[in-house]
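Let's take a walk through this model, starting with its charged pairs and ending up at the ligand. Keep the viewer open as you read.

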Amino acid sequence: MLIFSAFQRTNDLQKLQDEVFDIVVIGGGITGTGIALDAAVRGFKVALVEKEDFAAGTSSRSTKLIHGGLRYLKQLELGLVSEVGKERAVVHSLATHLVQPEKMLLPIVENGSLGKTMTSVGLKVYDMLAGVARKEQRTMLSKSQTLALEPLLDNHKVLGGGLYIEYRTDDARLTIEVAKTAVQYGALAINYVKVNQFLYDDYKISGVKCQDVLTNQAFVIRSKYVVNATGPWVDTLRYKNQSIKNKRLHLTKGVHIVVDYQKLPLQQAIYFDTPDGRMIFAIPRGKTTYIGTTDTTYTGDIQEVTTKRNDAQYLLTAVNKMFPTTYLSLADIESSWAGLRPLIHEKGKSPSELSRKDEIFMAQNGLISIAGGKLTGYRKMAERVVDIISKKAYQTYGKPIKICRTDEIILSGNRFGSFANVKEYEVSIYDQIKKLGFAKETATYLVSNYGKQTAIILDKMQEMLNTEHSATISLARAELWFTIQYEMVVKPLDFFARRTGKLNFEIQSVQQLTNVILTDFQTYFNWTLQTYFREKQVVLTAIEKAKLF
Ligand code: FAD
């Protein structure tokens, strides 16, 4: 088991300053961590810095699907659908516990945007482009079959449906496992380090000037190549490098809302029409169902993206129209999140029409920036960037070119071999924990979040049970210990929002656990009382913001 520990931060910071790197990657979202992994596997000496926590930007705010983007077919983005469609199976094989198959129902309704023939042909083309195995290919359904699968749909409007397979994931956990695997291959990845400026040698970029956000200490990192993988912040850094020419980002906001599962008890995930001709998802997850997303041009503060009342209302209207017996209201929303898509601006196009393709911008002074793309396509995006650097390194230093191998690099936590083994492991974990009063869902949560690393957490939980009566609290404390020790958790929201997803899908538990988790933080990091109360306020504000519109 590798050590990617918050307790090693001071050491790692020193290494960043002492050593010269081949590549420094700015941004610890899925794009940056994917590049760090690919480059490290190909033998480059890599550093990655993230100004907040890993995945704190868009990579914890997506719909959490590894999907081919069915709707991009309408825009005839065949290349994109084919690439990300095929990547679904690859990413599933790399993180089998974390990227799980999810049946998706597409209801065909009266006056909807898709007719029966178009849906049938569309799904068939989707299967072909993505190279879907025959037994997993789409099935077209009659009206009665569709209603049998989802009785909450409107009996008067449903004409039929299509059933196909996508993959569900946890975006932030996928990002952290990619980061951990990069570290396993020798990369140095660190959170809470912000790049403020670039270093130049004879007008050529030669590193970055940064700041440890926790202590404000400034330092420089020297590197042959610098990659700007900062998602919505890509243009902020291109601007600092004075290399914005022609193409710019067009940020669009996407919001998701979460309700109690009992309020929208869907039998499986559904992809359905909205009154304005868009399509959104409703996806059951644990004790909740989440609904999203919106897609609107965003020009506000990138750092402070929040759900507004009209975003929530838009999603509620669409759900209530599609499932007429649900009557969801603003008061039913338990949590929400909002994120920004770092898309490339195209004149005259609306947010939903903008391409999701990624693009690489090469500045004359050497800065390499990448934007656009999807969570699903992170590996291919990384491959393109590292191919460019490999070629340059060959031309400049004669470094032998190695081809991308990340399609065979299993991510940490996954030692399963097959999805059936994941399910078997889940049963064995449930056998272990049911005597302590845990429900089956806890085993599902642990295995899909941590994979085989669950065993380490349960060992720690047993140890904690010697001094702590509540099994639920012991488990949360063991998760905290694990994520500090092995996943660079530094602050409470790293834990509640991005390592465990509790802020999104179990918000009541965050309220219940705040004191006990913060007391452990105080012990592990020697916090003063002032820090304790400041961090507690940060958690309480996050809880409030998730439901305040
Ligand atoms: P980010 O995740 O934003 O990472 C950039 C990082 O750079 C941030 O963490 C930021 O803090 C850091 N940074 C910025 N400036 C600095 C600096 N100066 N110094 C150091 N660090 C810095 N894709 C899918 O495949 N499936 C989906 O279901 C899906 N749903 C989506 C739904 C929504 C609402 C949105 C908004 C996007 C969705 N996407 C989906 C797209 C996907 O989430 C994004 O393409 C992807 O997460 C972008 O990752 P990134 O690493 O490029 O950006």
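Searching the whole structure turns up 39 salt bridges, each one a side-chain nitrogen of Lys or Arg within 4 Å of a carboxyl oxygen of Asp or Glu. As background, side chains of opposite charge can pair when their charged atoms come close. Before we pick some out: this is a predicted model, so local features need pLDDT of at least 70 and side-chain atom pairs count only at pLDDT 80 or more, while totals for chains, interfaces and linings use all residues. Residues are numbered from 1 along each chain as its sequence is written, and side-chain values use heavy atoms, with hydrogens and water left out.

Start with aspartate 212 and arginine 9, whose side chains form a salt bridge at 3.2 Å, N to O. This pair links distant parts of the chain, with aspartate 212 in strand β9 and arginine 9 in helix α1 (residues 9-18), 203 residues apart. Helices (H or I, at least four residues) and strands (E, at least two) are DSSP runs here, numbered from the N terminus. Aspartate 212 and arginine 9 are both buried; buried stands for under 20% relative accessible area, exposed for over 50%, and partly exposed for anything in between (1.4 Å probe, protein chains only).

Another salt bridge brings together the side chains of lysine 357 and glutamate 77, 3.7 Å from N to O. Lysine 357 sits in the loop between β16 and β17 (359-362), and glutamate 77 in the loop between β3 (65-66) and α3 (78-94), so the pair ties together parts that are 280 residues apart in sequence. How accessible are the two partners? Lysine 357 is partly exposed, at a relative accessible area of 47%, whereas glutamate 77, at 10%, counts as buried.

Now for a local pair. Arginine 238 and aspartate 235 meet through their side chains in a salt bridge of 2.7 Å, N to O. Both belong to helix α7 (residues 234-240), where they are three residues apart, about one turn of the helix. Arginine 238 and aspartate 235 are buried too. If you'd rather look at a network of salt bridges, Asp53, Arg173, Glu177, Lys180, Glu487, Asp494, Arg498 and Arg499 are linked in one.

β8 and β9 make a hairpin with two residues between them, and aspartate 202 in the turn has a positive phi of about 55°.

Which strand is largely enclosed by the rest of the structure? That's β14 (residues 288-292), because five of its five residues are buried. Thr288, Tyr290 and Gly292 point one way from β14, Thr289 and Ile291 point the other way, and all are buried. β14 pairs with β11 in the antiparallel sense over five bridges, and with strand β13 (residues 279-285), also antiparallel, over five bridges. The hairpin of β13 and β14 has two residues between the strands, and in it glycine 286 takes a positive phi near 60°.

Of the 37 residues around it, Thr31, Glu50, Ser59, Leu65 and Thr376 come nearest, a residue being near if one of its heavy atoms lies within 4 Å. By class, this shell has 11 nonpolar, 18 polar and eight charged residues. The nonpolar ones are drawn from Ala, Val, Leu, Ile, Met, Phe, Trp, Tyr, Cys and Pro, the charged ones from Asp, Glu, Lys and Arg, and the others, Gly among them, count as polar.

What does the ligand touch? An N or O atom in the side chain of serine 59 is 2.5 Å from a ligand oxygen. A backbone N or O atom of leucine 65 lies 2.6 Å from a nitrogen atom of the ligand, and one of leucine 375 lies 3.1 Å from a ligand oxygen. Taken alone, the ligand exposes 1000 Å², and the protein buries 97% of that (areas by the Shrake-Rupley method with a 1.4 Å probe; for residues, only the protein chains shown count as cover). The elements giving two or more residues to the shell are α2 (30-41), β8 (193-201), β11 (249-260) and β16 (333-344).

Notes. A polar contact is a pair of N or O atoms within 3.5 Å; within protein, one must be able to donate a hydrogen and the other to accept it, and residues adjacent in sequence count only if both atoms are side-chain atoms. Two strands pair if DSSP finds at least two bridges between them.
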